[in-house]
Amino acid sequence: MPSKHLNLALRSLGYTLSKYRPQFDPVQRLIRSAETHNVSVMLDVGANRGQFARNLFKAGYGGRIVSFEPLAEAHGRLQAAAAGKANWQVYRRCALGPRSGQAEINVAGNSQSSSFLPMLDRHLSIAPHSRYVGKEAVEMLTLDQVLRSDFPEAGRLGVKLDVQGYEHEVLAGLREERGRVALIYAELSLTPLYDGEPPFTETIAGLIADGYRCVSVAPNFVDPGTFEMLDVNVLFVRN
């Protein structure tokens with residue numbers, strides 16, 4: 001059967017068949033950028049239960065990952081996932097933001113949608129299981145503080161952000177040490193999903209002004225009814 005007809009048949013079953021090309025794989029683009037820019041440590045901010053780190057290691061990443069997670073239940077699962085893995089460290093339970101102190105995070109029913117910001121109706125209409133079910137108190141630190149105290153000798157760093165609309169606030173806590181960060185991989189909303197998150201164009205413009213350039217954009221969250229892309233994973237590297 002010609003490949004065209006085979007793909008049509010597979011598509012009717014919910015599958016496609018295509019040649020794998022690593023340059024079109026967003027995870028491989030991230031790994032290649034980390035290698036090209038000599039990133040020795042990847043800071044996994046908003047790690048949840050370790051999905052990002054597991055996927056990166058499975059795809060062939062050979063560097064070190066340090067994961068950060070504010071929710072107690074998810075942090076426990078994260079520690080279990082990283083146990084016995086030399087290149088994977090889990091930082092003590094904390095949140096990262098614009099200042100140090102105590103904070104309260106909204107806990108989502110699906111865990112990974114938890115945020116310091118109120119959730120908007122658009123998000124709830126698409127993912128009702130993500131509705132907030134409670135709050136947790138947590139210590140908040142800044143990335144500047146963490147890097148100075150715990151990673152003073154680390155070489156060039158990468159920062160991955162999956163913090164549900166709080167990216168701008170986390171980056172506000174990375175000013176003095178930002179020159180050490182060669183790569184930023186952030187989930188950014190094209191449509192506001194949390195109340196108070198800035199437009200994605202503002203975050204991109206700020207990073208460009210700080211000396212980064214965008215080298216990859218990949219779909220992440222899509223409205224299954226309208227097919228509108230709601231958020232994307234964006235990769236920036238330092239010029």
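This briefing describes the sheets, a helix pair and selected residues of one predicted model.

The model is predicted, with local features requiring pLDDT of at least 70, side-chain atom pairs counting only at pLDDT 80 or more, and totals for chains, interfaces and linings using all residues. Residues are numbered from 1 along each chain as its sequence is written, and side-chain values use heavy atoms, with hydrogens and water left out. Helices (H or I, at least four residues) and strands (E, at least two) are DSSP runs numbered from the N terminus. The model contains an open sheet of 7 strands and an open sheet of 3 strands.

**The seven-stranded sheet**

- The strand order is β3-β2-β1-β7-β8-β10-β9, and the pairing is mixed; two strands pair if DSSP finds at least two bridges between them.
- The edges are formed by β3 (88-90) and β9, each of which pairs on one side only.
- From one strand to the next, the twist averages 15°.
- Strands β1 (residues 39-45) and β2 (residues 64-68) run parallel and share 5 bridges, with Met 42 standing opposite Ile 65 of β2.
- Strands β9 (residues 212-222) and β10 (residues 229-238) run antiparallel and are joined by 9 bridges; Cys 214 stands opposite Phe 236 in β10.
- The pair β9 and β10 forms a hairpin with 6 residues between the strands, and Phe 227 in the turn has a positive phi of about 70°.

**The three-stranded sheet**

- This open sheet has the order β4-β6-β5 with mixed pairing.
- Its edge strands are β4 (95-96) and β5, each pairing on one side only.
- The antiparallel pairing of β5 with β6 (residues 132-141) extends over 8 bridges; within it, Ile 105 stands opposite Glu 136 and Val 107 opposite Gly 134.
- Strands β4 and β6 run parallel and are joined by 2 bridges, and Ala 95 has Met 140 of β6 as its bridge partner.

**Packing of helices α2 and α3**

- The axes of α2 (residues 26-36) and α3 (residues 51-58) come within 10 Å and cross at roughly 75°; axes are lines fitted to C-alpha atoms, for helices over the stretch in contact, and angles run from 0 to 180 degrees between N-to-C directions.
- The two helices, α2 and α3, are therefore roughly perpendicular to each other, a class that covers 65 to 115 degrees, whereas angles under 35 degrees count as roughly parallel, over 145 as roughly antiparallel and the rest as oblique.
- Val 27, Leu 30 and Ile 31 of α2 meet Phe 52, Asn 55 and Leu 56 of α3, where contact means heavy atoms within 4.5 Å.
- The residues of this contact comprise 5 nonpolar, 1 polar and no charged; Ala, Val, Leu, Ile, Met, Phe, Trp, Tyr, Cys and Pro count as nonpolar, Asp, Glu, Lys and Arg as charged, and the others, Gly among them, as polar.

- Ser 115 lies in the loop between β5 (101-108) and α5 (121-126) and counts as buried at 1% relative accessibility; buried means under 20% relative accessible area, exposed over 50%, and partly exposed in between (1.4 Å probe, protein chains only).
- A polar atom of the Ser 115 side chain lies 2.9 Å from the backbone oxygen of Gln 164.
- Beyond its neighbours within four places in sequence, Ser 115 is in contact with Ile 105, Asn 106, Tyr 132, Val 163, Gln 164 and Tyr 194.
- His 123 belongs to helix α5 and is buried, with a relative accessible area of 4%.
- Residues up to four places away in sequence aside, His 123 touches Ser 113, Ser 130, Leu 193 and Tyr 194.
- Ser 130 is located in the loop between α5 and β6 and is buried at 0% relative accessibility.
- The side chains of Ser 130 and His 123 make a polar contact at 3.1 Å; a polar contact is a pair of N or O atoms within 3.5 Å, and within protein one must be able to donate a hydrogen and the other to accept it, while residues adjacent in sequence count only if both atoms are side-chain atoms.
- Not counting residues up to four places away in sequence, the residues that Ser 130 touches include Ala 108, Gly 109, Asn 110 and Met 119.

**Pro 152**

- Pro 152 is in the loop between α6 (143-150) and β7 (156-161) and is partly exposed, with a relative accessible area of 47%.
- Leaving aside neighbours within four places in sequence, Pro 152 is in contact with Leu 147 and Arg 180.
- The C-alpha atoms of Pro 152 and Glu 177 are separated by 10.0 Å, with the two residues 25 apart along the chain.
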